Amino acid sequence: MNTDYIRDEQQKIIDEINNIKWDNHDIKPISDGIVDIESYLNADLKIMWINKEVNSTEEDADWNLRDVLSVLRTDDGVVKGWAGTFNPIIYTVYGILNDKNWKDIPDTWVAPEIIDCLKQIAYVNVKKIPGGAVASKQDLNSFYKEFESILERQITLFNPDIIICGSTYGIIEDTLYRIYDEKRKLKFKIDNSDKRTVFFKNKEVLIVDALHPNSRMNKQDYCDGIINGVLQWKMKRFN
């Protein structure tokens, strides 16, 4: 699939997201997807990150996650208010794409250029309607059941090599099984991996069941737990 095709198809999905009316909510939906299509397609590995929802209660919000993530870099690091979730994502993505662990990755406020790795990913939320600081499990499941087709179309169109689920695997596993035609879980054993991060493989796709990046888990353990698993998978895949 070429860049123009993906751009056109992604725009169709974005238009559908922007027209969502759900459960009498007056808050506008926040669209998401591939941050920069050319950078995503040219990356060594296409990474798709799936989190729960945007933490925002602005009823008249007129923005989208693709644009925000493309300008998240400042001279002092990540834009204020976004570092809690996105610093761990940045370190993890940068580590995967550059074969580096936490100790070898500079801090975003020291080397803000590493933030640009966000332009190489697809970032989506299960629930396109923003919520509060703590995601409601009932709301997430209800939204997922009603608008599951949007997420399925995003995954199919983006065709990622790696899907990282930030506390969302249990919500979307039916979609993943349907897309990849899996009838059982295939655990990928990772040496010295943190037990809170589980890896599933299906043919050429690696699916990571991780905690939310802003969880209370130690950030080095969180990032390295994902990075180390992916790097081992990369060695098996390409050797």
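**Close-up views of the predicted model**

View 1. Residues are numbered from 1 along each chain as its sequence is written, and side-chain values use heavy atoms, with hydrogens and water left out. Strand E6 spans residues 162-166 and pairs with E2 in the parallel sense over four bridges; pairing requires that DSSP finds at least two bridges between the strands. Strands (E, at least two residues) and helices (H or I, at least four) are DSSP runs, numbered from the N terminus.

**View 2. Strand E2 also pairs with strand E5.** The E2–E5 pairing is parallel and comprises five bridges, with E5 formed by residues 121-125. Within E5, Ala-122 is the bridge partner of Met-48.

**View 3. Strand E2 (residues 47-51) is largely enclosed by the rest of the structure, because five of its five residues are buried.** Buried denotes under 20% relative accessible area, exposed over 50%, and partly exposed in between (1.4 Å probe, protein chains only). From E2, Ile-47, Trp-49 and Asn-51 point one way. Met-48 and Ile-50 point the other way, and all of these side chains belong to buried residues.

**View 4. Trp-22 occupies the loop between helix H1 (3-18) and strand E1 (33-34).** Trp-22 is buried, its relative accessible area being 4%. Apart from neighbours within four places in sequence, Trp-22 is in contact (heavy atoms within 4.5 Å) with Lys-127, Ile-129, Asp-139, Ser-142, Phe-143, Glu-146 and Phe-147. The C-alpha atoms of Trp-22 and Lys-128 are 9.9 Å apart, although 106 residues separate the two in sequence.

**View 5. Cys-165 and Cys-223 are both buried.** Cys-165 has a relative accessible area of 0%, and the value for Cys-223 is likewise 0%. Zero disulfides are found in a search of the whole structure, a disulfide being a pair of cysteine sulfur atoms within 2.5 Å.

View 6. Of its 239 residues, 51% are buried. Among contacts between residues at least 6 apart in sequence, 75% join residues at least 24 apart. The chain exposes about 12,100 Å², of which carbon and sulfur atoms supply 42%; accessible areas come from the Shrake-Rupley method with a 1.4 Å probe, and for residues only the protein chains shown count as cover.

Definitions and conventions
This is a predicted model: local features need pLDDT of at least 70, side-chain atom pairs count only at pLDDT 80 or more; totals for chains, interfaces and linings use all residues.
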